[in-house]
Amino acid sequence: MSQYTTIKRLPLVTGEEVRLRGWIRRVRSSGKISFLVLRDGTGEVQCVFVKKDVSPKVWTTVDSASHEMCVGVTGIVRSDDRAPSGVEVTAREFEVLGDADQFPIQPKEHGVDFLLEKRHLWLRSQRQIAIMRIRDEVVRAIRDFLHDDGFTLVDTPILTGAIGESAGTLFETEYFDLGTAYLAQTGQLYVEAAAAALGKVYCFGPTFRAEKSKTRRHLTEFWMVEPEAAWIDSDQNMDLQERFVAYILERVLERQRPELEILERDLSKLEAIVPPFDRISYTDAIKCLRSGGSETEWGEDLGAPDETKLVEGRDKPLFVYDYPKGVKAFYMKENPKDPRTVKCNDLLAPEGYGEIIGGSQREDDHDKLLARIREEGLPEASYDWYLDLRKYGTFPHSGFGLGVERTVTWICGLDHLRETIAFPRMMTRLTP
Ligand code: 4AD
Ligand code: MG
């Protein structure tokens with residue numbers, strides 16, 4: 001008996017003797033019987049050691065075992081209706097493979113700073129595992145949806161010479177003799193070029209913003225998926241976002257229900273999210289906010305409290321479209337019906353989770369785009385190639401960026417987005 005099996009496979013081999021290895025989730029003993037919950041990356045199972053049925057050596061070792069040790073267990077698989085996995089192991093042998101003396105995270109309340117300091121160990125907790133699995137499913141759903149919808153993945157550079165979003169939040173690094181390189185805030189400008197080659201494209205990778213904000217919605221490194229499509233306008237862009245978000249939710253509900261339950265997520269709230277989502281113009285949103293007592297004036301960006309207010313009493317995400325030029329990026333298309341505004345949208349998640357998507361139709365008029373670049377004081381020379389797209393076969397196109405961490409935070413019902421990425425990067429955290 002030398003082959004190890006995995007916990008996931010156990011229901012297929014009830015009645016047989018198996019050898020398992022993994023980490024101890026928890027262990028408790030009554031003096032005559034010990035219950036040890038083993039976790040191996042494929043699942044969890046309870047292993048039962050009965051003092052009179054195992055050797056004294058095995059008993060003593062189990063008796064002194066502590067959580068997060070890496071161990072091997074040999075025993076018989078029994079079906080057990082009460083167990084979450086439907087099985088339990090009646091254990092016979094036990095060996096310690098890796099000790100875990102004084103594991104820093106104990107089964108008690110720890111402060112979040114401490115847990116972030118020990119993030120490399122905190123990842124092993126049941127909640128963190130559930131979040132990681134949901135994130136994985138969100139990412140897979142994103143890719144599946146886009147491929148099934150005819151989008152081609154185009155990987156865009158992380159080291160860039162042009163500012164993608166705004167000058168205020170850039171990480172800079174020296175780049176040989178060529179001056180300053182920036183870490184990408186977005187891959188958008190590049191997928192716009194690729195859309196003229198492939199029609200429907202997307203990039204998906206880490207993006208970087210030197211945001212000096214310590215909110216529960218900001219990371220300095222986060223993952224963003226950015227679909228970009230030729231021939232679609234701002235309204236059709238919102239149609240696409242709606243289908244996209246609904247699909248992601250559907251997939252998580254279909255495949256990660258146990259994980260959502262571990263997180264005690266109210267599933268009915270997620271199940272209610274089916275297209276269409278309501279759409280409100282920025283101008284109407286301001287009217288509505290001001291009549292509710294907000295001091296935000298037309299022309300100002302919406303703050304987090306405004307966003308929360310707007311989704312109050314709504315079950316579904318809400319599109320806010322056509323913001324004033326002044327609060328949005330240079331590349332957005334001027335609104336022909338009201339040139340003070342641009343053809344863009346934010347998508348606000350319900351329950352006060354805030355913006356999960358920012359999207360827009362792109363300015364396809366060369367001179368207007370150039371004027372915007374100048375107005376923003378951006379270095380014109382770095383946008384030569386981007387302006388070329390408007391010189392050689394300019395075309396209507398739109399796209400958007402969905403932040404993975406914000407989306408996972410909402411789906412999981414978390415207070416803070418730092419738990420949705422394995423090793424969060426924030427203003428005050430660069431380790432582990
Ligand atoms: O609205 P943003 O800045 O849009 C863009 O970057 C566009 N280039 C996207 C495009 O049209 N292709 O960012 C898009 C999304 C936000 O809605 C949010 O979900 C996420 O990216 N995001 C952040 N997530 C975590 N931490 C931050 N600091 C974030 N900044 C933006
Ligand atoms: Mg935005």
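Colleague: How many charged residues does the lining of the largest pocket have?
Modeller: The model is a predicted one. In the lining of the largest pocket, 16 residues are nonpolar and 16 are polar.

Colleague: Which element gives the largest share of the lining of the largest pocket?
Modeller: The largest pocket holds about 1100 Å³ of space. Its lining has 47 residues, and those closest to the centre are Glu 165, Arg 209, Glu 211, Lys 328 and Glu 355. Elements that give two or more residues to this lining include β11 (221-230), β16 (397-403) and α13 (404-412). The largest share, seven residues, is that of β15.

Colleague: Which element supplies the largest share of the lining of the second largest pocket?
Modeller: The second largest pocket contains about 890 Å³ of space. Of its 27 lining residues, Thr 42, Gly 43, Glu 44, Pro 84 and Ser 85 are the closest to its centre. Among the elements giving two or more residues to the lining are β1 (17-29), β5 (87-98) and α4 (126-148). The largest share, four residues, comes from α4.

Colleague: Which element gives the most to the lining of the largest cavity?
Modeller: Two elements, β9 (180-183) and α5 (188-198), each supply at least two residues of this lining. The element that gives the most, with three residues, is α5.

Colleague: How many residues in the lining of the second largest cavity are charged?
Modeller: The volume of the second largest cavity is about 60 Å³. Residues lining this cavity include Arg 216, Arg 217, Tyr 353, Arg 406 and Asp 415. By class, three lining residues are nonpolar and two are polar, while the charged ones number four.

Colleague: Is Tyr 175 buried, partly exposed or exposed?
Modeller: Tyr 175 is found in the loop between β8 (172-174) and β9. Together with Leu 159, Phe 176 and Leu 178, Tyr 175 forms a nonpolar patch on the surface, with about 490 Å² of accessible area together. Buried means under 20% relative accessible area and exposed means over 50%. Because its relative accessible area is 31%, Tyr 175 is partly exposed.

Note on methods:
Residues are numbered from 1 along each chain as its sequence is written. Chains are lettered from A and ligands numbered from 1 in the order in which they are written. This is a predicted model: local features need pLDDT of at least 70, side-chain atom pairs count only at pLDDT 80 or more; totals for chains, interfaces and linings use all residues. Side-chain values use heavy atoms; hydrogens and water are left out. On a 1 Å grid over the protein atoms alone, a cavity is a set of points where a 1.4 Å probe fits but cannot get out, and a pocket is an open set with protein on both sides within 12 Å along at least five of seven lines; lining residues have an atom within 4 Å of a point. Grid points are joined across faces, edges and corners, and a volume is the space filled by probe spheres set on the points. Ala, Val, Leu, Ile, Met, Phe, Trp, Tyr, Cys and Pro count as nonpolar, Asp, Glu, Lys and Arg as charged, and the others, Gly among them, as polar. Patches are made of residues with over 30% relative accessible area and no salt bridge: like charges are joined within 9 Å, nonpolar side chains (Val, Leu, Ile, Met, Phe, Trp, Tyr) within 5 Å. Accessible areas come from the Shrake-Rupley method with a 1.4 Å probe; for residues, only the protein chains shown count as cover. A salt bridge is a side-chain nitrogen of Lys or Arg within 4 Å of a carboxyl oxygen of Asp or Glu. Buried means under 20% relative accessible area, exposed over 50%, partly exposed in between (1.4 Å probe, protein chains only).
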